[in-house]
Amino acid sequence: MNWKQLLSPKRFGDKQEAAVADNSRSRFEQDYDRLIFSHPFRKLQDKTQVFPLPEDDFVHTRLTHSLEVSSVGRSLGKAVGEKIIDKYPELKEAGYTFHDFGGIVAAASLAHDLGNPPFGHSGETAISSFFTDHPAGKAFEQRVAPNQWSDLVSFEGNAQGFRILNDPANGGLRLTFAALGAFTKYPKSSSAPQEKSRKSQKKHGFYHSNLPEFTEVAENMGLQSIGEEAWCRHPLTFLVEAADDICYNIIDLEDGCRLGLVPYETTRDLLAAIIGESYNEEKLERSSDMNQKLGLLRALAIGRLINETVALFLEKEEAILNGLFDGALTEHIPCAEALGKISELSIAKIYRSKQVLEREAGGFEVIGKLMEAFCMASYCKLFDTDNYTPRKKSIYRLLPVGYQEKLTGAESVYESLLVVMDFISSLTDSHAIKLYKTIYGFSLPTGGF
């Protein structure tokens with residue numbers, strides 16, 4: 001792989017060779033702006049990060065998390081880009097600057113959670129579980145192809161995000177190939193063999209319905225093929241992943257502390273282990289405001305992690321370009337052990353806390369029931385009209401007009417189910433709860449909503 005191809009400013013539908021910059025903005029800055037103003041991005045303000053429907057003003061949603069990941073991603077991209085531009089003079093000659101690296105990583109980072117459904121990972125599991133556990137959902141296996149079934153039984157927010165980014169109905173996002181490549185954390189289909197030694201092959205990054213689009217992106221940028229329907233990552237994807245890893249480790253710990261799930265002293269010591277020689281307890285204790293203390297600790301910790309990540313990326317750059325390095329950067333930096341301790345504590349004290357588990361269970365119930373209602377209503381409307389009952393008709397009519405139009409144009413059961421998944425996964429937490437109550441006429445089975 002080579003950087004000049006990897007920094008492709010091309011978009012789907014371009015009728016001539018694209019220039020890096022259009023007027024005062026580069027194409028990669030345009031990517032960022034298009035995402036900021038898009039409807040799918042705006043919905044992230046009411047989607048769970050860790051704590052569903054938080055009452056604390058400081059607790060993060062998917063939107064604040066995505067903005068922070070993008071900020072860290074831009075810093076990583078610019079720092080790496082400065083060295084890469086110096087190393088490869090042909091990039092400067094072609095008009096590229098280190099800002100382009102920052103712009104690509106910032107845009108891909110901003111989009112990294114677009115495909116996540118309501119209620120976080122429990123929402124993902126609930127969508128998949130409808131097809132694996134519910135009798136009505138399991139029956140669809142006989143109505144779709146095997147590779148299509150593998151998409152349905154393993155709902156993946158990354159693949160859903162790629163679908164959103166390439167859906168003409170989403171306001172013409174049409175991101176550059178470089179941004180789409182950097183966004184795709186898992187460049188393989190759901191039915192491609194899994195190589196456990198490669199981090200990039202753990203999950204899938206696109207549905208079979210989007211295989212032609214990703215193939216074009218991969219071939220245009222020269223991504224290295226590693227098998228049927230599988231490629232090496234775009235190198236800048238490693239920075240997008242690192243930005244996400246840095247933010248959720250540090251910020252989730254910060255949120256857990258603010259909500260009283262982790263003692264301040266424990267949080268302070270964990271972050272001090274990352275900060276190292278720059279940690280100054282005397283300066284920290286000058287403030288009596290815990291939020292100010294956490295803010296200072298967070299800034300210093302993230303700064304240290306950015307520096308270490310940039311250094312490792314540059315050290316591994318040639319191995320990455322040759323497809324020989326395929327791991328998470330944050331698992332190989334000097335602070336990896338300290339990050340590991342934060343992760344272990346977060347799992348025990350935050351992700352498995354009673355309030356998180358209770359609300360995840362409620363979210364699982366909501367999404368599962370909505371999948372049942374809308375999948376069956378849509379299927380009967382399109383393919384089994386004898387069983388299109390008045391109740392199913394009422395449920396179908398709850399779908400926004402745009403989704404009804406998509407369903408009308410669906411040529412297969414698989415396509416129709418993807419449209420329903422588009423709708424369910426696009427819902428905000430609040431909208432999902434409202435629909436649940438509208439259809440089933442009663443309150444949620446767990447408290448806290």
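Glu 308 and Arg 304 both lie in helix α16 (residues 290-321), 4 residues apart, which is about one turn of the helix. Helices (H or I, at least four residues) and strands (E, at least two) are DSSP runs, numbered from the N terminus. The two side chains meet in a salt bridge (3.0 Å, N to O); a salt bridge is a side-chain nitrogen of Lys or Arg within 4 Å of a carboxyl oxygen of Asp or Glu. Glu 308 counts as buried because its relative accessibility is 9%, and Arg 304 counts as partly exposed because its relative accessibility is 25%. The cut-offs are under 20% relative accessible area for buried, over 50% for exposed, and partly exposed in between (1.4 Å probe, protein chains only).

The model is predicted: local features need pLDDT of at least 70, side-chain atom pairs count only at pLDDT 80 or more, and totals for chains, interfaces and linings use all residues. Residues are numbered from 1 along each chain as its sequence is written, and side-chain values use heavy atoms, with hydrogens and water left out.

The structure holds 18 salt bridges. One of them joins the side chains of Asp 31 and Arg 11 (2.6 Å, N to O). This pair links distant parts of the chain, 20 residues apart: Asp 31 is in helix α2 (residues 27-36), and Arg 11 is in the loop between α1 and β1 (21-22). Asp 31 and Arg 11 are both buried. In another salt bridge the side chains of Asp 113 and Arg 62 meet (2.7 Å, N to O). Asp 113 is in the loop between α6 and α7 (120-133) and Arg 62 is in helix α4, so the pair ties together parts that are 51 residues apart in sequence. Asp 113 is buried, with a relative accessible area of 7%, and Arg 62 is buried too, with a relative accessible area of 6%.

The protein chain is divided into domain 1 (3-17 + 24-234), domain 2 (237-350) and domain 3 (355-440); these bounds come from an automatic or database domain assignment. Between the C-alpha centres of domain 1 and domain 2 the distance is 23 Å. The contact between them takes 39 residues from domain 1 and 35 residues from domain 2, where contact means heavy atoms within 4.5 Å. The size of an interface is often given as the accessible area lost when the parts come together. For domain 1 and domain 2 the buried area is about 3,100 Å², with carbon and sulfur atoms giving 65% of it. Buried area is the accessible area (1.4 Å probe) that two parts lose on being put together, summed over both.

Between domain 1 and domain 2 the count is 5 salt bridges. The side chains of Arg 198 and Asp 326 also meet in a salt bridge (3.0 Å, N to O).

On the side of domain 1 that touches domain 2, at least two residues each are supplied by α1 (3-6), α4 (62-87), α6 (98-111) and α11 (177-183). Helix α4 gives the most to this side, with 13 residues. By class, the side has 17 nonpolar, 14 polar and 8 charged residues. Here Ala, Val, Leu, Ile, Met, Phe, Trp, Tyr, Cys and Pro count as nonpolar, Asp, Glu, Lys and Arg as charged, and the others, Gly among them, as polar.

Ser 66 is placed in helix α4 and counts as buried, at 0% relative accessibility. Ser 66 and Asp 244 are 178 residues apart in sequence, with 8.3 Å between them in space, C-alpha to C-alpha. Beyond its neighbours within four places in sequence, Ser 66 is in contact with Phe 41, Leu 44, Ser 109, Leu 110, His 112 and Asp 113.

Thr 428 lies in the loop between α21 (413-426) and α22 (429-440) and is buried, with a relative accessible area of 14%. Its side chain makes a polar contact with the side chain of Asp 46 (3.2 Å). A polar atom of the Thr 428 side chain also lies 3.1 Å from the backbone nitrogen of His 431.

Terms used:
Polar contact = N/O pair within 3.5 Å; in protein donor to acceptor, adjacent residues only side chain to side chain.
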